[in-house]
Each structure stands twice: as structure tokens, then as C-alpha cells.
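Here are my notes on one helix pair and on the salt bridges. Please read them alongside the model.

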Amino acid sequence: MNKSSIFFSITITFIALFIFIVISFGILYKGSQKREEHFNKKRAFDIAHNIKNEMRREGIITKDLKKYLKLRDFKIVKNKYKILENNNKQIKWKKKRKNNQLSSFELNSKNYLYMKNHRTDILLLDNYKPDNFKTIIIFLFISILFAFSLLYYTTIRKLKPLKRLKENVKNIGDEDFDIRCSTTKKDEISQLANEFYKSAKKLKALKESRNVFIRNIMHELKTPIAKGQFLTQLPSTDENQNSMQKVFYRLESLINEFASIEELISTKEKIEKKEYLLSDIIDNASDLLMNDEENINQEFQETTLKVDFKLFSIAVKNLMDNGIKYSSNKQVTIKTENSSIVFENIGEQLTYPLDEYFKAFFKADNTSSNQSFGLGLYIVKHILDANELTLKYEYVNGVNRFII
């Protein structure tokens with residue numbers, strides 16, 4: 001572990017506090033044990049002193065002495081010799097005085113006090129039950145140790161997102177935005193991780209939009225450039241000049257189109273919607289497509305749409321382009337049905353669900369690389385989402401139907 005790491009500092013701090021807690025409880029437990037030993041020692045000497053005085057005065061064990069012993073939790077053992085002689089090897093002597101004047105021992109988990117001199121020979125059973133202060137200390141120690149361990153575990157767990165963030169920051173530098181550091185927790189570090197995750201997602205979307213932008217340029221500029229190259233080889237006539245001007249107009253329109261798409265995908269800014277005639281949108285999309293009019297069958301009824309004109313025209317252009325490109329007769333038909341706009345073409349059914357084609361650069365198995373970059377429906381999806389519209393697909397009697 002790195003010594004300058006915050007995890008190292010926290011671990012060292014917790015270890016130091018753990019040692020301090022163990023030592024503190026050890027001192028407290030030892031002190032409690034010594035106090036109990038001192039109390040028992042003083043109690044034994046007090047008993048011995050009173051017995052000695054009573055025996056000196058009376059010469060026998062009186063009733064008053066027995067009452068006193070009972071009050072002090074002692075009981076006179078009658079069969080003392082039997083206990084002492086038969087259990088001599090099992091006796092655990094705690095204090096053994098010379099001449100056995102005052103001794104204490106433990107036998108079968110019971111404490112005894114033995115007094116013997118020229119006047120007295122008495123064995124006492126100690127019935128005193130010490131308080132459970134040591135048990136309380138042990139219980140508190142275990143509880144605090146458990147709480148302390150839980151606190152350490154919780155703290156380290158709370159800080160774990162920092163480790164992931166550190167690794168993810170390194171990945172961000174390498175333009176790897178596929179990171180996983182989001183969490184459902186509400187603490188500050190988790191919120192930081194979530195904000196970092198959101199930022200990484202935005203950067204990934206921005207990178208993706210740049211890729212889309214470049215691929216779309218390559219895809220869309222191919223047609224006008226090819227037409228321009230062809231026109232340069234023709235004689236310089238007024239008709240060819242007009243055609244060349246259309247090519248440059250198309251190039252300029254494409255640049256504006258790319259800028260709109262890139263801004264829409266990367267920033268998700270709110271678009272400005274107004275009411276436009278469907279025929280105007282279709283005409284603008286046809287101009288953007290630069291395709292022959294006989295390839296487009298217009299069978300729609302005039303209607304008004306509230307959309308972003310420029311962006312929606314791009315979506316319509318892409319649907320018309322796909323309809324022509326992937327039809328068996330190079331025809332696309334535009335219809336209106338109730339509140340929907342339908343783009344139909346005769347051809348093979350889509351191989352995959354429509355959602356798969358909404359992914360950037362997705363191409364079906366039967367799509368050749370020179371036909372598509374896999375961006376058409378991806379762009380359509382983003383534009384329709386921005387206009388709060390949806391796209392559905394159905395295949396009926398050999399006809400592909402894309403429905404807005």
C-alpha cells in the first residue's frame with residue numbers, strides 16, 4: 001500500500017486507535033482484578049482478626065461469631081479434615097502462610113479460608129459472589145471492538161469509489177470512456193463518482209458524435225464529389241455550369257447538415273419547432289438527396305407538421321435514401337395514414353429488430369460496406385427523438401414500411 005495514500009493513513013490511524021483501546025481495557029481489567037484481590041485480602045484479614053479476638057475472649061465459636069461470619073458470607077466447614085486431607089493434591093493454594101496461620105485456596109471452583117494457630121483451627125467456605133464488573137468490562141471491550149471494526153470497514157467501503165475514480169481518470173486520459181463508477185449511495189464521495197460517470201458518458205457521446213460526423217462526411221460527400229468530377233470532364237456549357245453550381249450548393253448544404261447533426265447528437269440542445277407543410281419538407285429533403293424525381297413516389301395528403309424544418313428534412317432525406325438504396329426497383333413511396341407518415345419500398349425484410357439499426361455504424365449481414373456506413377437510421381432516431389416523434393417498422397406482403 002502506498003504510504004502517501006489516504007487508505008494507508010486511515011488504516012494506520014485505526015491500528016493505533018485499536019492498540020490504544022486494547023491497552024486501555026487491559027489496564028482497566030487488570031486494575032479491577034487488583035482491586036478485587038485487595039478487597040478479598042482485606043476481608044480475609046478482617047475475618048481472621050475478629051475470629052482471633054473472639055476466640056481469645058470466649059475460647060469457643062459463639063453464636064454471635066457465626067452470625068457475623070454469615071453476614072460476611074462465610075460458613076464454617078464441619079468436615080474440614082476430610083476436605084483438607086482427601087483433596088490435598090487438588091487444592092490450589094492462593095495464599096499459604098507459614099504455620100498455616102491464615103491461608104486461602106480453591107477447590108472445585110469454591111474458595112476457602114483456613115485459619116490455624118494454638119487457639120484456632122477453623123476452615124471457612126467463602127460464599128461471597130463478587131460483582132460482575134469484570135464481565136461488564138469484557139462485554140464493553142467486545143462491543144467497542146466490534147463497533148470499531150464496523151466503523152473501519154464502513155469507512156474503507158465509503159472510500160472505495162476513490163480507487164475506482166483514480167483508475168477511471170487514467171482511462172479517461174487514454175480516451176476510454178467506458179467506465180463503471182456509478183452508485184446508488186448518497187454520500188459525497190458517491191455523488192462525486194456519479195458526477196464523474198455522467199461526465200464520462202457526455203465525453204463518450206461527444207467522441208461518438210465526432211466519429212459519426214466524420215463518417216457521415218465521408219458518406220454524404222461521395223455523391224456530389226463524384227458528380228462534380230464527372231461535370232469537369234464535360235464541355236463548358238450553361239447547362240453544365242448550372243449543374244456544377246448545384247453541386248457546390250449541395251456541398252454547402254451538406255456542411256450545414258453535418259454541423260446540425262453534430263450539434264444535436266453531442267449537446268442535445270432543445271430544438272426550435274414550428275409548423276411546416278409536409279410537401280415543403282419533402283421538397284427540401286429531395287433537394288438534399290440530389291436524386292432523380294422518378295425514384296420518389298409522392299402519394300401523401302397535404303398536412304402540417306410542427307418540427308425543426310432543417311433537422312426533420314435530414315431525417316426524411318435519410319429514410320428516402322434508404323428506401324431507394326435497398327429496394328428491388330429503386331423506388332420509395334411516401335404516404336400519409338391518419339397522423340403518420342409512411343415510407344414504403346419493395347425489398348427484403350430487415351434481418352434484425354429495428355432498435356439494432358438505431359445503433360451507430362450498425363450494418364446488417366446483407367449490407368455491403370460500399371452501400372452504407374450504418375449511420376442513416378442512427379441519425380434519424382436522434383432527430384425524431386429531438387422532435388418528440390417515433391419511428392416504427394413493419395413488413396407487409398413484401399413491402400418494408402417505416403412509419404413516423
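1. Burial terms come first: buried is under 20% relative accessible area, exposed is over 50%, and partly exposed lies in between (1.4 Å probe, protein chains only). Glu394 is partly exposed, at 31%. Arg401 is buried, at 10%.

2. This is a predicted model; local features need pLDDT of at least 70, side-chain atom pairs count only at pLDDT 80 or more, and totals for chains, interfaces and linings use all residues. Residues are numbered from 1 along each chain as its sequence is written, and side-chain values use heavy atoms, without hydrogens or water.

3. A salt bridge here is a side-chain nitrogen of Lys or Arg within 4 Å of a carboxyl oxygen of Asp or Glu. The count by this rule is 9. Glu394 and Arg401 form one, with the closest N and O atoms 2.5 Å apart. Shared partners join Lys335, Glu337, Glu344, Glu394 and Arg401 into one network.

4. Lys325 and Asp321 also pair, at 3.5 Å from N to O. Both are in helix H8, 4 residues apart, about one turn of the helix.

5. Lys274 bridges to Glu272 at 3.6 Å between the closest N and O atoms. Lys274 is partly exposed, at 45%, and Glu272 is exposed, at 55%.

6. The axes of H8 (residues 309–325) and H10 (residues 376–386) come within 9 Å and cross at roughly 150 degrees. H8 is therefore roughly antiparallel to H10 (angles over 145 degrees, on a scale from 0 to 180 between N-to-C directions). Helices are DSSP runs of H or I, at least four residues, numbered from the N terminus.

Notes
Helices (H or I, at least four residues) and strands (E, at least two) are DSSP runs, numbered from the N terminus. Angles under 35 degrees count as roughly parallel, over 145 as roughly antiparallel, 65 to 115 as roughly perpendicular and the rest as oblique.
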